[in-house]
Amino acid sequence: MDKIYRQMLEFLSEEQIYLNEPMCKHTSFKIGGPADIFVKPKNIDELKNIVKLAKENNIQLAVIGNGSNLLVKDGGIRGIVIKPDFKEIEFLEDDKVKVGAGVLLSKIANEACNRGLSGLEFAGGIPGCIGGAIRMNAGAYGSEFKDIVIASEYLDKDLKLNEISNEEHEFKYRHSRFCENKNEIIASATLQLKKGSKQEIKAKMEENNKSRKEKQPINFPNAGSTFKRGEGYITAQLIDKCNLKGCNVGDAYVSDMHAGFIVNKGNATARDILTLVEIIKKKVHEEFDVDIELEIEVLGED
């Protein structure tokens, strides 16, 4: 990888490239082995150069957002991990805003609030960024990104920048086309907001954040809801009915506060998390004849 590092220095600064970077620094679980190369491109041209270099050298690529819905295995990730550091925010006419993939949801929600623009209140407490939120159609409190996305720009495998409409995202519950199309890297999104009362928007965000603190185990590293909501049932309730709160493998625990969360109480490994996941899946299947699905994404090798 030294050769690739030297080539990257032709179009990136040293501060943008990390060798053997522990991925525990870049996930909200605080878990994960090293990435061979971890890079943070600041614009589309830098991203194109990274993808081109990887293609020319047949190097595997992985793209992450803020790591808040991600579990990286203990062996880490081979190849190049890209975290787009696209931070532009441009408010347009007609209550629209164009946001770079690397912008934190808390930041854009607060910016919108300060301008008296409603529509992002639900996202203010989600610890992710725009790119990840679009990819998984992030949501909370009855709203999802599919409700406010007008269009997104993405880089395709041929290094072309494309724009797609809301419908072309193929949004579903915790899903978009980008879940299948791994070669498409989100660069930005344009969102439709609406004018509202700054005081009411701020009050709603504060209410949501208060609820999150009261109901979710934010005092321990976690990746949000571990499992997807099911058809006709709430997964966390099934886990709770199986008396699995507090169940643990090493420092990986089913949260005592919310059964839908697995938390890292200290030095949990990815293997601990995944072993606990299988225990939960098996117990829920035995009790309710239901196969529950992971919501978190798993990357890397054992």
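In H2, the buried residues are Glu-46, Leu-47, Ile-50, Val-51, Leu-53 and Ala-54. They share one side of H2, because they cover an arc of only 160° around the axis. That arc is taken from the directions that run from the helix axis to the C-beta atoms. An α-helix has 3.6 residues a turn, so residues three or four places apart point the same way. Buried means under 20% relative accessible area, exposed means over 50%, and partly exposed lies in between (1.4 Å probe, protein chains only).

This is a predicted model, in which local features need pLDDT of at least 70 and side-chain atom pairs count only at pLDDT 80 or more, while totals for chains, interfaces and linings use all residues. Residues are numbered from 1 along each chain as its sequence is written, and side-chain values use heavy atoms, with hydrogens and water left out.

**The helix and its surroundings**

H2 runs over residues 44-56 and has 13 residues. From first C-alpha to last, H2 reaches 18 Å, close to the 18 Å expected at 1.5 Å a residue. The expected span is 1.5 Å times one less than the number of residues. Helices (H or I, at least four residues) and strands (E, at least two) are DSSP runs, numbered from the N terminus.

What covers the buried residues of H2? The cover includes helix H1 (2-8) and the strands S2 (34-39), S3 (61-63), S5 (77-82), S11 (149-155) and S13 (185-192). Contact means heavy atoms within 4.5 Å.

Now the ends of the helix. At the start of H2, a side-chain oxygen of Asn-43 comes to within 3.2 Å of the backbone nitrogen of Asp-45. A polar contact is a pair of N or O atoms within 3.5 Å; within protein, one must be able to donate a hydrogen and the other to accept it, and residues adjacent in sequence count only if both atoms are side-chain atoms. Just after H2 comes Asn-58, with a positive phi of about 55°.

**Val-284**

Val-284 is found in helix H7 (residues 270-288). Val-284 is buried, at 0% relative accessible area. Leaving aside neighbours within four places in sequence, Val-284 is in contact with Leu-238, Ile-239, Cys-242, Asp-289, Val-290 and Ile-292. Thr-235 is 49 residues away from Val-284 along the chain, and their C-alpha atoms are separated by 9.0 Å.
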